[in-house]
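Please work through the exercises below with the sequence and the structure at hand, and try each task before reading its solution.

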Amino acid sequence: MRTDLTPDEMGTGPFYKLLTSVVVPRPIAWVSTRSAEGVDNLAPHSFFTVSCVDPPMVQFTSVGIKDSLRNVSATREFVVCLAGEPMFEKINATSTDFPSEISEFASVGLTPEPSATVTPFRVAESPVALECTLHANIELGNSTVVIGRVTHAAIDESVFVTDARGNSLPDVRRLAPLARLGRNEWSRLGEVIEISRIPYRDWPGHYDS
């Protein structure tokens with residue numbers, strides 16, 4: 001038996017809470033921006049994913065008009081830093097509604113690190129930083145999808161692992177990413193399982209003519 005629910009009957013707020021409880025886990029974009037006045041801002045956004053492969057693009061969603069969106073719209077630059085488990089409390093602290101003239105870097109006690117291709121700082125304590133220039137803002141109801149073209153990736157050497165084929169990539173266990181769930185719930189990485197895709201030519205019962 002299922003419970004049938006509709007946005008019109010529940011209302012925006014309750015249905016939003018329902019969505020964030022079932023669309024889980026969600027990766028976190030720890031977004032660094034700088035205002036037109038030169039104030040550095042840092043905030044977590046849990047509606048985040050890759051948008052495009054070629055050229056490389058990522059996106060985050062601002063629910064309502066917040067400092068991250070204002071700053072990106074004004075300067076057309078931002079940095080997405082990895083939200084890792086060792087910084088759990090500080091990541092959460094940067095979601096505090098500080099006034100726009102106050103920098104979260106200083107308030108929370110994080111180290112600003114110069115970026116290579118954009119003006120906003122990277123978080124020195126984060127093992128991954130994706131520097132981005134604004135590609136497009138897409139307004140959807142009360143939210144704005146911010147799509148950025150990745151111009152540079154800065155990754156801590158300690159998270160790389162080389163596999164048997166000689167490929168060197170960041171290891172998810174070393175990255176230890178956090179994820180957002182529903183309510184005030186967060187999640188650690190947990191168990192990692194692996195499985196290979198099955199090419200159709202190897203599908204049971206498939207025979208080449």
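This is a predicted model: local features need pLDDT of at least 70, side-chain atom pairs count only at pLDDT 80 or more; totals for chains, interfaces and linings use all residues.

**Exercise 1.** Describe the chain by its secondary structure, its extent and its contacts.

*Solution.* Begin with the secondary structure, where six helices and 14 strands are found in the chain. Next take the extent: along the principal axes, the C-alpha atoms fill a box of roughly 65 × 50 × 30 Å. Then turn to the contacts with a separation of 6 or more, of which 56% are made by residues 24 or more positions apart.

**Exercise 2.** Describe the surface of the chain and the placement of its charges.

*Solution.* Finally, consider the 18 positive and 26 negative charges, whose mean positions lie 3 Å apart.

**Exercise 3.** Locate Gly-182, decide whether this residue is buried or exposed, and name its contacts.

*Solution.* Second, compare its relative accessible area of 2% with the cut-off: because buried means under 20%, Gly-182 is buried. Third, leave out residues up to four places away in sequence, and the residues that Gly-182 touches are Thr-20, Ser-21 and Val-24. Last, consider Glu-101, which is 81 residues from Gly-182 along the chain, with 30 Å between the two C-alpha atoms.

Note on methods:
Residues are numbered from 1 along each chain as its sequence is written. Side-chain values use heavy atoms; hydrogens and water are left out. Helices (H or I, at least four residues) and strands (E, at least two) are DSSP runs, numbered from the N terminus. Contact means heavy atoms within 4.5 Å. Lys and Arg count as positive and Asp and Glu as negative; His and the chain ends are not counted. The place of a charge is taken as NZ of Lys, CZ of Arg, CG of Asp or CD of Glu. Buried means under 20% relative accessible area, exposed over 50%, partly exposed in between (1.4 Å probe, protein chains only).
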